[in-house]
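Subject: Structure handover

Hello,

Here is the structure I said I would pass on. Please have it open while you read the notes under it.

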Amino acid sequence: MSALEIGIASFPALMVLIFLRVPIGLAMFLVGLVGLILVTGNTNIAFARLKNETYTTFSSYSLSIIPMFLLMGQFASLGGMSSALFKAAEGFLGHRKGGVAMAAIGACAGFGAICGSSLATAATMGRVALPELKQYGYAGGFSTATLAAGGTLGILIPPSVVLVIYAILTEQNIAKLFLAAFIPGLLAALGYVIAVSIYVRLNPGSAGTRPVVPYRERFMLLKDVWPVLVVFALVVGGIYLGWFTPTEAAAVGAFGTGLIAYLNKGLTWNTLIDSFLVAGKSTGMVFFIILGAAFYNGFLALTQVPQELSNFVVSQGFSPWLVLSLILVFYLVFGCLMDSVSMILLTIPIFFPVISVLDFGMSAEHVAIWFGILVLIVVEVGLITPPVGMNLFIINAMEKETPILETYKAVVYFVTSDLVRVVLLVAFPAITLFLLPT
């Protein structure tokens with residue numbers, strides 16, 4: 001077999017390992033290692049690459065942003081920020097039809113702005129909002145679907161761990177990617193609120209009502225939200241204004257949320273150790289996937305598969321919009337089967353070279369940023385798409401009385417909202433690129 005044939009054959013081999021429930025980082029590593037041995041015919045080269053790849057991957061300064069953002073999310077939970085966000089949003093929206101669910105969406109958006117992880121946002125807000133939704137008579141499937149969808153805002157609204165990984169893979173500016181994600185993130189939250197409004201009107205018995213909160217109490221609730229605004233302004237604003245690099249901003253954000261958690265008496269010696277352990281375990285999992293992807297993608301580069309794929313697409317004269325649409329459909333399907341980090345690491349080195357050579361009438365940087373936001377959104381949709389949406393399982397595990405089928409039925413409204421947003425952002429790239437400096 002030629003090197004190109006070995007590279008092509010590696011895809012079904014990788015899929016078989018994934019479906020056999022081999023951890024995806026290990027699956028990519030094994031396929032990359034065996035493929036490299038087959039291509040070179042030399043085990044020494046493969047194992048020498050293992051030594052070099054491990055060092056070069058984990059010595060990357062940019063990767064240190066990931067554990068800092070994960071730790072920031074842990075401290076934010078301890079500091080009661082998730083609860084404060086939900087209570088404030090509930091005070092202003094809770095008395096409306098479907099208002100408590102809308103408040104949960106708003107709180108998820110706010111918490112995502114200081115967390116950067118979809119799964120963490122879903123799990124944290126689930127603990128805070130599920131009891132309230134149940135108390136005010138919200139249907140179980142509607143409640144779980146709302147929180148699963150709201151959790152996806154954690155990876156879209158900056159800062160985002162997945163966007164950081166995309167920026168590293170494609171050598172793009174992290175600050176510009178964060179800026180480009182801002183309007184799509186707001187559109188996502190608005191779309192989910194509209195989805196809630198439509199759902200409760202089509203299913204009148206799915207949501208109860210709660211008493212109106214006096215304006216004085218509403219504004220009193222806002223005072224507990226200021227730490228979130230300060231941390232968000234410090235981290236994201238600091239990056240845009242050039243005060244910090246993204247890595248420094250992540251460290252400042254982790255320190256700030258830790259200090260707030262300490263002042264709110266949520267951070268003790270024991271919870272500090274627990275936070276380090278949780279962030280460390282999550283970082284280890286992400287880093288192992290990164291190592292496996294680096295090894296596999298290095299093997300693919302040697303076989304020339306990405307380059308040959310790019311040349312084939314260009315030579316066939318396919319419309320750039322058709323190619324983009326097919327790639328996005330691929331992400332929608334496979335996003336149901338694996339987590340967002342794995343999807344990005346596995347596919348971007350293959351698809352990005354293809355997108356880069358197509359003419360969308362924009363600069364190469366703008367195409368890269370626009371494509372990154374689109375990929376992030378469709379991967380996010382996969383987190384709530386039945387039957388294997390990870391956020392759905394996380395929330396349903398907290399509400400075991402609700403059949404997963406009821407969650408599937410309700411989440412269709414939110415998936416529809418996401419698909420409408422994807423179409424808008426594909427048709428009008430200016431929505432994504434509007435805030436970028438010219």
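Predicted model: local features only at pLDDT ≥ 70, side-chain atom pairs only at ≥ 80, totals over all residues.

Salt bridges

Side chains of opposite charge can pair when their charged atoms come close. A search of the whole structure finds five salt bridges.

One of them joins Lys87 and Glu132, with 3.4 Å between the closest N and O atoms. Lys87 belongs to helix H5 (residues 81-93) and Glu132 to helix H7 (residues 118-135), so this pair links distant parts of the chain, 45 residues apart. Lys87 is partly exposed at 34% relative accessibility, while Glu132 is buried at 14%.

Glu365 and Lys176 also form a salt bridge, and their closest N and O atoms are 3.0 Å apart. Glu365 is in helix H19 (residues 364-382) and Lys176 is in helix H11, so the pair ties together parts that are 189 residues apart in sequence. Both ends are partly exposed: Glu365 has a relative accessible area of 32%, and Lys176 has 25%.

The salt bridge between Glu406 and Lys409 has its closest N and O atoms 3.8 Å apart. Both residues sit in helix H21 (residues 404-427), three residues apart, which is about one turn of the helix. Glu406 counts as partly exposed at 36% relative accessibility, and Lys409 counts as partly exposed at 49%. There is also a network, in which salt bridges with shared partners join Glu380, Asp418 and Arg421.

Two loop residues

Gln172 is in the loop between helix H10 (161-170) and helix H11 (174-202). Is Gln172 buried or exposed? Its relative accessibility is 17%, so Gln172 counts as buried, the limit being under 20%. A polar atom of its side chain lies 3.1 Å from the backbone oxygen of Thr170. Leaving out residues up to four places away in sequence, Gln172 touches Ala167, Leu177, Phe352, Glu365, Ala368 and Ile369. Glu365 is the residue that forms the salt bridge with Lys176.

Asn203 is in the loop between H11 and helix H12 (215-222), and is partly exposed at 27% relative accessibility. Asn203 and Phe142 are 61 residues apart in sequence, and their C-alpha atoms are 9.9 Å apart in space.

Surface patch

Leu309, Phe312, Phe318, Leu322 and Leu326 make a nonpolar surface patch of about 460 Å². Helix H16 (305-316) and helix H17 (320-334) are the elements that give two or more residues to this patch. Leu326 is in helix H17 and is exposed, with a relative accessible area of 55%.

Regards

How values were computed: Residues numbered from 1 in each chain as written. Heavy atoms only, no water. Patch = residues over 30% accessible without salt bridge, like charges linked within 9 Å, V, L, I, M, F, W, Y side chains within 5 Å. Areas by Shrake-Rupley, 256 points an atom, 1.4 Å probe, with all protein chains shown as cover. Salt bridge = Lys/Arg side-chain N within 4 Å of Asp/Glu carboxyl O. Helix = DSSP H or I, 4+ residues; strand = E, 2+ residues; numbered from the N terminus. Buried < 20%, exposed > 50% of the residue type's maximum accessible area, 1.4 Å probe, protein only. Polar contact = N/O pair within 3.5 Å; in protein donor to acceptor, adjacent residues only side chain to side chain. Contact = heavy atoms within 4.5 Å.
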